[in-house]
Amino acid sequence: MKFGKEFAAQMVQEWQEAYMDYSKLKSILKDILRFKQQNKAPSPMAATTKGSLKRRVSLYRAFSGLTTWYRSGTPKKNNEDEVDLVQEGGREGDYQIMFLMSGEEGGEYELGFFRKLDDEFNKVIKFYKKKVEEVMVEADELSKQMNALIALRITVDNPVVGGTDIVNLAANGFSSNSSSVFHPTNGGGQGRKRMDVIQEVEMSSEGISEEMKEGNDRDKLSRRETNNIQGFRPAPLDVLDHVKINVELETPISTLKGVIKRSKSDVSFSRQELRTAEEKITRAFVEFYRKLRLLKSYCFLNQLAFSKIMKKYDKITSRNASETYLQMVDKCYLGSSDEVTKLMERVEDTYVKHFANGNHRKGMKTLRPQAKKERHRITFLYGFFSGCSIALIVAIIVNIHARDLLKSLGGPQYMVNIFPLYSLFGYIVLHMLMYSGNIFFWKRYRVNFSFIFGFKQGTELGYREVLLLSSGLSLLVLAGVISHLDMEIDPRTESFRTLTELIPLALLTAVLSITFCPFNIIYRSSRFFLIKCAFHCVFAPLYKVTLPDFFLADQLTSQVQAFRSLEFYICYYGWGNFRKRLNKCEESKVYEVFYIVVAIAPYWLRFLQCLRRLFQEKNVVHGLNGLKYFSTIAAVAIRTIYQFQMKKTTTLLVLAAATSGIATIVNTYWDIVIDWGLLRRNSRNPWLRDKLILPHKGVYFVAMVLNCLLRLAWMQQVLGIQSVPFLHNTALIAVVASLEIIRRGIWNFFRLENEHLNNVGKYRAFNSVPLPFYYDDYNADKSL
């Protein structure tokens, strides 16, 4: 792989504008090369005796020997090939290179190259300095959090040193004459623990001894404990007098407390409080260490890019400028700063000691999670399942046409009672296929979807895994369908076979069992992440709304027909006569009411999420978004009422058409302008936006047109189109529902593309982790 592609692949995508513009500098070098090739004089050649082959004159010079370069040390440089670079101090401490050979032929191209190089170099240094300053400030804040955490540990655990409580030692001081070792209490109910007396490694300490770096085994730690008992000084407990627990409104209980009283609560010194604080600080350390790793990678990649571009410059111009320039790079802040490396070492030691019980391997496994490995068996299995599914689809089509099943006496009965049961799985499989396509294109165009969704590194599903799940589910469902094509009732029992009629219910039970299975099988972390987001959606106003939560709620709004199929499952198997394929669901008023309720439920949850975000962020945009969903609720409710109406009245028809039209216009505008960020008339890309990920602009216009057309699927209900010549009513409903799922899949890609570009514009590459402690007295905090 060429360095340019590798450079683009390894950069932090949210920081891509802060990296050196390697492609631009490379294009300038190509212009220099093109100029030199056009103005290059022919090199002297020598003809052979036959005159058929010409060789360069240099091939006839005397041979200098193989060992000459080694004996003479460093080879001498040809002064004719050297280039003079003079570093000047620019404004605001910028680096500026003066190219002293600009008067030569083509020198203006090289001068432009060095000017662009200076701009990129200063941009990289400024960004790196800014980020280093930010992490140093964050390190100080984490140090304060650790002081409070250790004091809280002492207060809660109350360990024993030398037969004396640590709480008393912290208050009265510790005698240096004490030579006793630690003795854990054996009394029941005390809950006291042996205190770790390894010398504290603070985030702002000057350095770490080699023994601490290498002393990960138990013997070395125990020897260090014994040697440091004499100088042991417990952490001061008066830190807790100046801190309060930072209560985030994330759970129903904390939300209700936040509404009733203030969001900052006093420390109660409970073990649950300590556990919560440790969990939050652990997440903060993991995210902080990830930030340090990416910052170190940023520094290394840019240094390598400057080295590569200067060597390419030397090769094209036949000069020796790279050595001089790279010496300047090594001496500047980018090459000489070691704050990030030292900070990484301190974070590693602190995390291993305080949160991994001294187990270095366990601690580093958490700080540096391994990248997920691609497995060939996944590719094989989803290919195998997909092939089997296609074969079953062909078999079902041939079976239906050969036996003319749909035109038989039991055909309409099958479409009314059995088809809706299996269509539920069809909606799920189609949505999974669209999501796998989204993942494929997100990865291809470097949209950092795993960061946006907040997936834990190494646990996110790739498009192969999603295809495996969807193809496996489709194989099971299609196998059930082909075994459930009996159209004729048994004349002896006057009913269908019970076992066959229970196949859809067995499939649904199997899917739900796998989804909620507590064992570590079939991507448990992803299943639990989905369940957690769904739980947050159901209790939308009581949980803090994050992007995965409202993104999932948006997906649910496109699965209205799937929820109606679930309602039909309950009615068909609960109150219907499934042995004879009979049901009276549509005759029930309760069924009609719940038919409307399950249709508006996803929009209602999304409406509540908008209200929660309005309350939480005080942003009017969320209120307008809530009104958009409320208009959709009104449109869906009136359309459904009109659908169940026996005598279609003109008033209700006009009302349904009006509300649906308003909701369609508002939703389409919001999709394209707000969610996708398009239709910017004055942008660099007319009627799109300034930054685009896809190389072909026409794709965006096609997507906008498709979104508008697919939004009009509601007209099927309003216009009374219940069936078409070649489709049954239930099949037509399934087609319309599938079109909405396809529209949602298209929406997903451009929604996350816009979110990614917003992150890039704000250089937002990390999640903000709430810290557990809040210092209410800043001056007291500074004195500590």
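Student: Is Arg 368 buried, partly exposed or exposed?

Tutor: Keep in mind that this is a predicted model. Arg 368 is partly exposed, with a relative accessibility of 35%.

Student: And which residue does Arg 368 pair with in a salt bridge?

Tutor: Glu 348, with the closest N and O atoms 3.4 Å apart. The two link distant parts of the chain, 20 residues apart: Glu 348 belongs to helix H12 (residues 339-355), while Arg 368 is in the loop between helix H13 (360-367) and helix H14 (376-403).

Student: What about Glu 348, buried or exposed?

Tutor: Buried, because its relative accessibility is 16% and the cut-off for buried is under 20%.

Student: OK, how many salt bridges are there in total?

Tutor: The count comes to 21.

Student: Where do Arg 34 and Asp 31 sit?

Tutor: In helix H2 (residues 22-39), 3 residues apart, so about one helical turn separates them.

Student: Which residue does Arg 606 meet in a salt bridge?

Tutor: Asp 554, at 3.2 Å from N to O. Arg 606 is in helix H24 (residues 589-617) and Asp 554 in helix H22 (residues 547-557), so the pair ties together parts 52 residues apart in sequence. Both residues are buried.

Student: Switching to packing: how many residues are in the largest nonpolar core?

Tutor: It has 77 residues. Among those with the most contacts inside it are Trp 15, Phe 113, Ile 309 and Phe 773. In soluble globular proteins, nonpolar side chains tend to be buried together.

Student: Which helix gives the largest share of this core?

Tutor: Helix H4 (residues 107-157), with 20 residues.

Student: And what is Phe 773 in contact with?

Tutor: Setting aside neighbours within four places in sequence, its contacts include Gln 145, Ala 148, Leu 149 and Leu 152. Val 243, Lys 244, Ile 245 and Asn 246 are also among them, as are Ala 277 and Ile 281.

Student: Last one: how many residues does the second, separate core have?

Tutor: That core has 37 residues, including Leu 392, Val 429, Ala 562 and Cys 585.

Definitions and conventions. Residues are numbered from 1 along each chain as its sequence is written. This is a predicted model: local features need pLDDT of at least 70, side-chain atom pairs count only at pLDDT 80 or more; totals for chains, interfaces and linings use all residues. Side-chain values use heavy atoms; hydrogens and water are left out. A salt bridge is a side-chain nitrogen of Lys or Arg within 4 Å of a carboxyl oxygen of Asp or Glu. Helices (H or I, at least four residues) and strands (E, at least two) are DSSP runs, numbered from the N terminus. Buried means under 20% relative accessible area, exposed over 50%, partly exposed in between (1.4 Å probe, protein chains only). A nonpolar core is a set of buried Ala, Val, Leu, Ile, Met, Phe, Trp, Tyr and Cys residues joined through side-chain atoms within 4.5 Å. Contact means heavy atoms within 4.5 Å.
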